[in-house]
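The entries follow in the order I made them.

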Amino acid sequence: MKKKQWHNWGPGEQPQQHYLVQPRALAGGGDVRHVSEFLRACGWRDKSKTGGPLLMQSPDRSVRIAYDPHVQPGGWTLHGAASGHQPEWWAHLGRQTPVEIVAGLTDALTQPRSAHAPNVWAPLHQQRWHTPLNAEQATATSPDGSAWMQYHQSPDGAAMWWSGAKDQQGNGWNAQFAASTPMHLMQAFSTALASPEPVMRPLGRVPPSTQIKTTSVSVLPSQLSAWQQARITAARAATWARNTARSTRPRTAARPHAHPGGPRARR
C-alpha cells in the first residue's frame, strides 16, 4: 500500500486518511451525495420524504431517480417516461455500484446530447477490454476480468443491457438496463465504468478485496469540501448557461394567415 502526503496544510486542520482505489468498479458504493448534489445543482427536484429513500425528479418530470439501500436487492432505480420517438426506459444499479460510475449515467441526463452517434463499446475498446469473437451475446470484459458489459438477448427476443463487477471473494454489484435506454446514456455509463482513474474512499470504507490497489493519501477537510464544491459549481454554471441560451434564443415570427372570408393571395 503506497502512501502520499499533501503539503501546505492550513492552520487548525487535521488531515484525514483516505485511499485512492483501483479498479474503480471494485471500490464500493461511496457517498450518494456525489450523485444527488450534482442533480440538485442542475435544477432537479428533491422529492425525498423525511427518513425515506432518496428520490430525485428531472425539471421536466420525465425522469425519476431513486436510491434505497434498505430493500432487497436495493440500490439505484431510474425510470424515464416515453417522449416522442423515445420509448419508456428503466435501469437498476446495485447498491455497491460506485457512485462515480452511477454519476456517469446520471450526469449525462443533465447535459445536451452530442451530435455524434453514440457507441457503447468504443470507451471499452479504448481501455482494451476483451471482446470474445465467438460469444453468443455482445460482451466486453475488463483486462483484469473483474468487470463486464453485455447486451443480452433471450431466445424469446427480450433484450436488455447487463453490467457489473465482482472480485474473487464474490463481492460486487450488478446493473440492468432496458433495451430502450437511450444509447447516449449507455455510452456515458460505459465510459465511467471503463475509466482508469482511481476513486477516493475514506478510511474504513475500502472493500476488503485482494483485487484492488490502494494508495494512501492524507487529505484536509477543506480540500474535500473544495473538490465537492467545484463539481457543484460547474453543474450550476452549465445549467445557467443552457437556461440563458434558451431564454435569449430569437423566436421565429408566426406566419400571418388569412381569416375565413378574407381576400386570397394571387398565385
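Entry one, the largest pocket. I looked up which element gives the largest share of its lining, and α5 does, with seven residues. Helices here are DSSP runs of H or I with at least four residues, strands are runs of E with at least two, and both are numbered from the N terminus. The model is predicted, so I noted that local features need pLDDT of at least 70, side-chain atom pairs count only at pLDDT 80 or more, and totals for chains, interfaces and linings use all residues. Residues are numbered from 1 along each chain as its sequence is written, and side-chain values use heavy atoms, with hydrogens and water left out.

I wrote down the term: on a 1 Å grid over the protein atoms alone, a pocket is an open set of points where a 1.4 Å probe fits, with protein on both sides within 12 Å along at least five of seven lines, and lining residues have an atom within 4 Å of a point. The largest pocket is lined by 36 residues, and His 34, Glu 100, Met 200, Arg 201 and Gln 228 lie nearest its centre. Two or more lining residues come from each of β2 (16-22), α1, α2, β12 and α5.

I found 25 residues in its lining, with Ser 58, Asp 60, Ser 62, Leu 109 and Thr 110 nearest the centre. Here too α5 gives the most, with four residues.

How many does the structure hold? I found five, each a side-chain nitrogen of Lys or Arg within 4 Å of a carboxyl oxygen of Asp or Glu.

One of them joins the side chains of Glu 100 and Arg 201, at 2.9 Å from N to O. Glu 100 lies in helix α2 (residues 99-108) and Arg 201 in strand β12 (residues 199-202), so the pair ties together parts 101 residues apart in sequence. I checked whether they are buried (under 20% relative accessible area), exposed (over 50%) or partly exposed (in between), using a 1.4 Å probe and protein chains only. Glu 100 is buried at 17%, and Arg 201 is buried at 3%.

Another salt bridge joins Arg 40 and Glu 37, at 2.5 Å from N to O. These two are three residues apart in helix α1 (residues 33-41), so about one helical turn separates them. Arg 40 is partly exposed at 31%, and Glu 37 is partly exposed at 29%.
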